[in-house]
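Biologist: I'd like to go through the labels on this one and hear what stands behind each. Please put it up and I'll start asking.

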Amino acid sequence: MVGLAARGAPGSAFLGQWEDEQLHVECGWRIGRRGPASAPRSLLKCEGGSASEATRPTPLPMAMATPSVTLGIDLGTTSVKAAVVEAAPGHPSGFLVLASCVRATRAEAAAQSAATAPQQALRKVCGIGVSGQMHGVMFWKTGQGCEWTEGGPARVFQPRAVSQLVTWQDGRCSSEFLASLPQPESHLSVATGFGCATIFWLLKNSPEFLKSYDAAGTIHDYVVAMLCGLPRPLMSDQNAASWGYFNTRSQTWNVELLRALGFPVHLLPDIAQPASVAGRTSQAWFEIPKGTQVGVALGDLQASVYSCMAQRTDAVLNMSTSVQLVAAMPSGFQPAQTPDPAAPVAYFPYFDRTYLAVAASLNGGNVLATFVHMLVQWMADLGLEIEESAVYSRVIQAAAQQRDTCLTITPTVLGERHLPDQLASVTRISSSDLSLGHVTRALCRGIVQNLHSMLPFQQLKEWGVERVVGSGSALSRNEVLKQEVQRAFPFPVSFGQDVDAAVGAALVMFQRNLKQKEP
């Protein structure tokens, strides 16, 4: 199996070492209808994890008597993040972040996490939102998925009869194997790492393995099921669509098609609407009271967008290792009902039966990293030693001084999902455009132009986009990329936002509690 070892991973590494359980940090947030708007951020540090920037939500009605506190958890591929947020009716922003923390996804973080959690804040939690890496799958036995134990000062659950997690990065399903599968009755194609594709592979190659389990879901579906003691897992349409063979229009699995091929349809989770309640905690957990509402698990993409998309007229650009450009589709939009593997834009379920248009490029900060590594290797071959960090700052400085270039670089060294065989290329080479500044400027421009070719400015404008919210480590540390984004997408652009799925998951439960308390 590829992925995290199940022992300890799902139930143990959520709550890291929080800086101060009494810490209240003001975040000047304002509200948008679907999610929070851009505004100043406050930095919270977690010892043993990375620093995280709080993100923005929604002023509460002044009449609300009891502050609402929610916990958001995001189970990423390499780390787990948690955020506790609280309503602040007397504050102009209406919102405070009590604590936020990132921990590496490993079992040994459990004892450290529980011992230093902000107990006062957790005792007030009235809702838990959970999101996580989409597409992946894990299996467990109903009624034997976990065991609740006394984990030091707090009760925790430890996985029992569970499989390892097969993540979205799993590569066991070859192109030939995927081509042998039936076409889904859905607008989304199936790729390796998708839950249903993995189950098909196991059905063919390890049928005895599947007989050991009677429940399946994403890792965040598992966590919700264990927290609530659910007899059957629940899955939002966001995660179901990411598994494949799910029709978002009818909100049903392709059961008849799958059953005809011997697919174990009993493993398919029941479907629930995102932002609905999956159940209530069956035990007190890290000082969170028994009976606390737990939301149906969300996709990390949707939770991330929810954390920073203030208005439906915002597009969210996240540029880190890879690049995602996301826009909300108009109300009533329905994607075509047949998959198009060659389409550069995919449509994923959001909230209230709406969709997000997503252009996801495989080529982002990783391309710049490859370029810098190449330069360092060339210099090493010439007998010169230099750190990559020093080279990175120099190449960006050189590109910043070179405002334009005729050199053209197509940066698709990793191909793209819709063009897997496309490689990178350099054209319009002349002797006057071979300086470091020219090449780096062309590379940064190529990264942005490649994304623009997938989802052009004109299309965003037709969809009603009025602003781009920029985020991500590659964008935050590269002034040249920022310039090229503004050049390719001539909207007002707000840089420096923090796309935070844990905060987004907390906000979804926060908004639900707010609606329940409105007269």
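Biologist: Why does phenylalanine 286 count as buried?

Modeller: Its relative accessibility is 2%. Buried means under 20% relative accessible area, exposed over 50% and partly exposed in between, using a 1.4 Å probe and protein chains only. At 2%, phenylalanine 286 is therefore buried. Before we go on: this is a predicted model, where local features need pLDDT of at least 70 and side-chain atom pairs count only at pLDDT 80 or more, while totals for chains, interfaces and linings use all residues. Residues are numbered from 1 along each chain as its sequence is written, and side-chain values use heavy atoms, with hydrogens and water left out.

Biologist: What is noted about the phi of phenylalanine 286?

Modeller: It is positive, about 50°, although the residue is not a glycine. That is worth a remark because most residues other than glycine have a negative phi. Phenylalanine 286 lies in the loop between β16 (277–280) and β17 (293–295). Arginine 353 also has a positive phi, of about 60°, and is found in the loop between β21 (346–349) and β22.

Biologist: What does glycine 365 touch, beyond its neighbours in sequence?

Modeller: Ser320, Thr321 and Ala474, not counting residues up to four places away. Contact means heavy atoms within 4.5 Å.

Biologist: What makes phenylalanine 246 and tryptophan 253 an aromatic pair, and of which kind?

Modeller: Their centres are 5.3 Å apart, with 70° between the planes. Rings of Phe, Tyr and Trp (its six-membered ring) pair if the centres lie within 6.5 Å; planes under 30 degrees apart are stacked, over 60 edge-to-face, and the rest tilted. So phenylalanine 246 and tryptophan 253 are edge-to-face. Both residues are buried, and the structure holds 17 aromatic pairs. Phenylalanine 286 turns up again in one aromatic cluster, with Trp140, Trp148, Phe157, Tyr222 and Trp285.

Biologist: How do you know that the charge of arginine 172 sits over a ring?

Modeller: Its charged end is 4.8 Å from the centre of the ring of tryptophan 201. The rule asks for NZ of Lys or CZ of Arg within 6 Å of the ring centre and within 35 degrees of the ring normal. Lysine 482 lies over the face of phenylalanine 495, at 5.5 Å from the ring centre.

Biologist: What makes β19 and β20 a pair of strands?

Modeller: Five bridges join β19 (residues 314–319) to β20, running antiparallel. Two strands pair if DSSP finds at least two bridges between them, so these two qualify. A hairpin of three residues joins them. On its other pairing, β20 has six bridges to strand β22 (residues 355–361), again antiparallel.

Biologist: Which residue is the bridge partner of leucine 317?

Modeller: Leucine 325, in β20. Both residues are among those with the most contacts inside the largest nonpolar core, which has 47 residues. Such a core is a set of buried Ala, Val, Leu, Ile, Met, Phe, Trp, Tyr and Cys residues joined through side-chain atoms within 4.5 Å. Helix α13 (residues 436–454) gives this core its largest share, seven residues.

Biologist: What is the average confidence of the chain?

Modeller: The chain averages a pLDDT of 82, and 82% of the residues score at least 70; pLDDT is the predictor's confidence in each residue, from 0 to 100. Over residues 1–66 the pLDDT is below 50, and over residues 107–117 it stays under 50.

Key. Helix = DSSP H or I, 4+ residues; strand = E, 2+ residues; numbered from the N terminus.
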